[in-house]
Amino acid sequence: MNLSDELVSLKGIGPALSQKFLKIGLVNVDDLVNYFPRRYSDFSNVVEIASTKPGDITVVGKIHQVTGRYSRRGLHITEAIVSDKTGSLRLIWFNQHYRKDSISSNKEYFVSGDFGLHGKSMSLINPAVELVSNFPVSTARILSIYRETKGLNSNQIRQAIKAALPYFEQIEEILPDWIISRYDLMPRAEAHRQIHFPKDQKTLEKARFRLGFEEVFELCLSSLLAKAEIKKQVAVPFKFDETIAKKFVNQLPFKLTDEQKRVVWQIYQDIGKSTPMNRLVEGDVGTGKTVVSSMAALMVLHSGYSVAFMAPTELLARQHANTIANLLKNLDMDKYVSLLLGSLNPKQKILALEHLKSTDMSIVIGTHALIQEGVDITKLGLVIIDEQHRFGVKQRQALLKKIGYMPHLLSMSATPIPRSLQLVVFGELDVSRIKHKPYESKQINTQIYKQNKRLKMYQLVAKELDQGNQAFIVCPHISRDSQIKLASAEAIYEELTKGPLKSYRIGLLHGKQKKDEQDKVMQDFVDHHLDAIVSTTIVEVGVDVPNASVMVIEAAERFGLAQIHQLRGRVGRSDIQGHCFLVIADDNQPSPRIRALEQSSDGFRLAELDLKLRGPGAIYGTAQHGILDLRIAQLDDEDLIYSAKQAATEFIDKDNLLQYDQLSKRVAQIRSVTNLN
Ligand code: ADP
Ligand code: MG
């Protein structure tokens, strides 16, 4: 008997049923015991029939007068009476023919169901019935409800788990004893038992706390370990030079905001140390992060060291190179800027590399592949990453090996991280936030359109195009032949070019196109050779197109709120009024989630809301690994999060991961999918 046994080895599970379990991803007993309920229905309240009140109840009694009949509309109805010594109740089942023959009149049953008005009399509708025992599975307890599939309901899943109960002893503890006693945690095996078959609400809470604690603890531990490893490394300290900083600030065409100054100062303090900086600057699109990062670069260049600046796309890299060169021009430091792109032809590349070799220091701007491709950058002191939270620890280690010390790291992102997530998942980062834009920007007019108003909406788009503005149209999928019958970029492109936007210049942009093709479309859009582009979210971290005034998002409910918010930040960046039109895929009422976008223009609040509704994996794109999608812990459960975080901090101080086999494996797995190693 082993947790790795296949499900067919359990009593009551044959080959056919095990196929059903396979459909929900369960192969062996271990999978089954870790298949946690989605919710519970409380039928633990066993009452005398005389004192029944409407709601979920359980009664105990004998069942008699079982009759079956068909209603006029062809519905099969089974009726019966259950009686205890205090009274009788009517039971009704719909389309459950087998009930009549499965009940014997002289035995005692638990009967659990929803007690309510049916027709003119009170009755229990579709109740579960089970012989009285001291371990009922479908009645008389807090019932665990699972994600089901056709032919496999929660009752059957519960039956299987009951059959697996003897295996639960084999569930090993993975947390250190001292943590279990200090935080008063339920032992692991017991928590698994209670999560499936809770004794009472209080015990269920303890079980959930225990399993949630474990999830959060593992995540915290992963990021804190990464942090500890980084802090052990040596970096080059860059001394703050007031003269050069002032000189830079004084020649800017604008005044830095207080927030920008504060963040720059934090960065200067970080890079002044001989341990590597690991800072994330968070701020909505347009909050002015580029000038902040340029000031970091400035101090490093001024000390004679180089900077690598990585952007998500080549086009953005070009744009950044221009911006930064401009910012540095008056200090005669624009000569240090060099652009290094995969799309350069061999000759250009050689030239660029030659240039790199010939100058002592430089600020090399390229895509995220810059570092991976192993370009030699002499005296690299600082790595800046735009639109990405995290620079992989592995990538850092590679750099370390090559250059003998760790460069400082500055990352910038427009996707806000809610505080809880920051503690749990990004614990290794120091975060600075820029909350306000330097100038008052116009509120983007955000509107939701149902399918039947879609064409009308495109008339509005056409009107904008007539005025010489431009539009983005974003779709959740690329190709029309994908099984999902939702808006695909190809289908929408075809539709629009034949119909509503026939007389305009429309481009198509998506990830299946070759890189240079993508760049060409984007460049055409920037140069206003195109009026609109139909694309996938590839434009999310896009370039500035000040002339774009409309962002249409097809099948908007498919996207995360923070993502839509970021997309709509692409328009309304100059003095033209920006519009964001959200198309929902059906004619139902838009969900509160989508509604929130109409009401709020606070990216941070939207991210928090999304986190609550869809989980972290959905926001941070690691959903396919499932590792961020916590199964038990709620990220708004502060008590749980703070305890687990504290435990992880203590663990790093006083314990050694190598002594814990299972925990080490879990942490290694997390670190590999979250780019923490
Ligand atoms: P982000 O990268 O955060 O989206 P950018 O760095 O591209 O934002 O800045 C957006 C625009 O705001 C740029 O045109 C930039 O020149 C301008 N900007 C930055 N800081 C200020 C400021 N303090 N005052 C006025 N304009 C600013
Ligand atoms: Mg930017």
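Two strands pair if DSSP finds at least two bridges between them. Helices (H or I, at least four residues) and strands (E, at least two) are DSSP runs, numbered from the N terminus. The model is predicted: local features need pLDDT of at least 70, side-chain atom pairs count only at pLDDT 80 or more, and totals for chains, interfaces and linings use all residues. Residues are numbered from 1 along each chain as its sequence is written, and side-chain values use heavy atoms, with hydrogens and water left out.

The hairpin of S5 and S6 has two residues between the strands, and Gly119 takes a positive phi near 65° in it.

The cysteines come next. A disulfide is a pair of cysteine sulfur atoms within 2.5 Å, and by this rule there are zero disulfides. Cys475, for example, is in none, as the nearest cysteine sulfur, that of Cys580, is 13 Å away. Cys475 is buried, with a relative accessible area of 0%, where buried means under 20%, exposed over 50% and partly exposed in between (1.4 Å probe, protein chains only). Cys220 likewise counts as buried, because its relative accessibility is 0%.

A further buried residue lies in a helix. Asp610 belongs to helix H21 (residues 603-614) and counts as buried because its relative accessibility is 0%. Its side chain reaches the backbone nitrogen of Leu561 at 2.6 Å.

Terms used:
Chains lettered and ligands numbered in written order. Polar contact = N/O pair within 3.5 Å; in protein donor to acceptor, adjacent residues only side chain to side chain.
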